[in-house]
Amino acid sequence: MLAAGVGLCFTAVPGKVKRGLKEIFAPTPVVKAPDEADIRRQVEARLRSEMERELEREIEAMKKAAAEKEARDAREEAESAAREAENAGLPPAGSVTDVRKLRSGIPFRTEVKFENGGLASKERVDEASYTAFYQLSLRVPAAARTMAELEVTHPGLSAMLPGLPPLLDKAEISPWFRKLYENKTTRVRRDANSLSEILTKHNFYDCETILHLRSASGKPVFLMRAEMDVVSDGSDGDRLATMPDEIVNSTHYQPFTSYGWPKKSTTPNPMVAGWERRIVGAEKELADRATTAERKTWLRDRIAYLKRGIADLKARSFLIAEYDPFIVIPVNLLTANDPFAPKVGDYAVVAHGGKLYPCIVGDGGPTFKVGEASLRMAREINPKSSPYSRPESDLKVTYLVFPGSRDAEKGPPDYERWRQRCHELLGEIGGTGGTPLHVWQDLLPKPAAPAEATPSPASSGASPASAPRAPGAAEAGKSE
């Protein structure tokens, strides 16, 4: 039964990916072809990763259920004698209730009612004799719109951005706020109807507002208030030639981001080696006569996907979440024909606490969830952040994006240029009130300088003791 379940999961993945892509990109997005290709590739990688994680969870759940059933059967067998003595009487009419909290943080109340019925031979064929009813109640939130409402969770925002209050007077609640919660409710309804694991309460209420503003010159400004989750994707052989084995060999790590550019050097992307090894393993399993037909279908799809990804990794470079500061925007906004909708590469500023962080829109995320940023951004806000620990769980992060501000050509990150452009764009909406923009340092490891050969006494005109040495030579090659 376990093998059959696993086989069914494998065969469903390609179809789920296609349905997911169709759902996200329908209707046909009006975007530039390069952007659409980048976003589609990144979305496919995310969908596949999520589905493979789901498969692993299902397998673990099946194993746990089997173990629990075995323990339960043993316990029931030990108690069977006592139960048989009581079986002569009917269970009392009435109800049994239980109140608990689901893993997702939703209070959950169950109630079981017993009634006296007729003969078992009749009751077992009557659909009304054994029924279940499940009702989920939740409130869809309203969007914050005023400065006072925004400062409830982010006091001092108006001091950091003094030009914001007058812009809010004319702000409009974005239709994307309504669309976000429409996507959430649709997903909750779908999963609840199939008794699947539903969206958590925390993730349902992850957005305080999305507003459309306009600068004094009429340029659109996108404001979003949310929490901050962490994304850890991306790779670039030009800037980071090696990555840890646990990442290179991971089946879940996504080497792509929506923001990408043509490679600048011949240094291979470190993720290629891991993906090539996965192809070798898949082809070996495909050639095995013992492999089922369902599994072979999945393997062929997997090999084709890996080959497409390798070709992309050999031709392009991407942001690296551990080193580059960027934010994530739902893909349906990135592909929308809307002057207020952010696009990949648009400049953005993240406000948290008393600090302002310049960055760009670098990646696309789910259509039913907001509030994500790169691991580099997360660790700057909270050093304890990790791919599994968000830097801010409350709705205290303000995301400002300047639609239409992206550069004409994409290229490797230039943190100082990003900072200068964000400073200019903030100036168009009233400036920062003296709050400096964060200065990002380049943390990428630099190649060690080649050691200089020391001439031997026989080949030089001076002895080692008399050879001059420049001040600070002992520190040469060390990073500052």
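Two strands pair if DSSP finds at least two bridges between them, and strands (E, at least two residues) and helices (H or I, at least four) are DSSP runs numbered from the N terminus. By that rule, strand β5 (residues 220-231) pairs with β12 in the antiparallel sense over six bridges. This is a predicted model, in which local features need pLDDT of at least 70 and side-chain atom pairs count only at pLDDT 80 or more, while totals for chains, interfaces and linings use all residues. Residues are numbered from 1 along each chain as its sequence is written, and side-chain values use heavy atoms, with hydrogens and water left out.

**The chain as a whole**

- The secondary structure comes to 14 helices and twelve strands.
- Of the 480 residues, 43% count as buried, where buried means under 20% relative accessible area, exposed over 50%, and partly exposed in between (1.4 Å probe, protein chains only).
- Contact means heavy atoms within 4.5 Å; among contacts between residues at least 6 apart in sequence, 77% join residues at least 24 apart.

- Strand β12 covers residues 392-401, and seven of its ten residues are buried, so the strand is largely enclosed by the rest of the structure.
- Thr398 in β12 stands opposite Ala351.

**Nonpolar cores**

- A nonpolar core is a set of buried Ala, Val, Leu, Ile, Met, Phe, Trp, Tyr and Cys residues joined through side-chain atoms within 4.5 Å.
- The largest core has 74 residues, of which Leu213, Ile327, Val350 and Met377 touch the most other members.
- Strand β5 gives the most to this core, with seven residues.
- Apart from this core lies another, of 23 residues, including Met271, Trp275, Ile303 and Leu444.
- Beyond its neighbours within four places in sequence, Val350 is in contact with residues that include Met228, Ile327, Cys359, Met377, Val397, Thr398 and Tyr399.
- In soluble globular proteins, nonpolar side chains tend to be buried together.

**Cysteines**

- A disulfide is a pair of cysteine sulfur atoms within 2.5 Å, and the structure holds zero disulfides.
- Cys359 is in no disulfide, and the nearest cysteine sulfur, that of Cys422, is 6.4 Å away.
- Cys359 counts as buried because its relative accessibility is 0%.
- Cys207 also counts as buried, at 3% relative accessibility.
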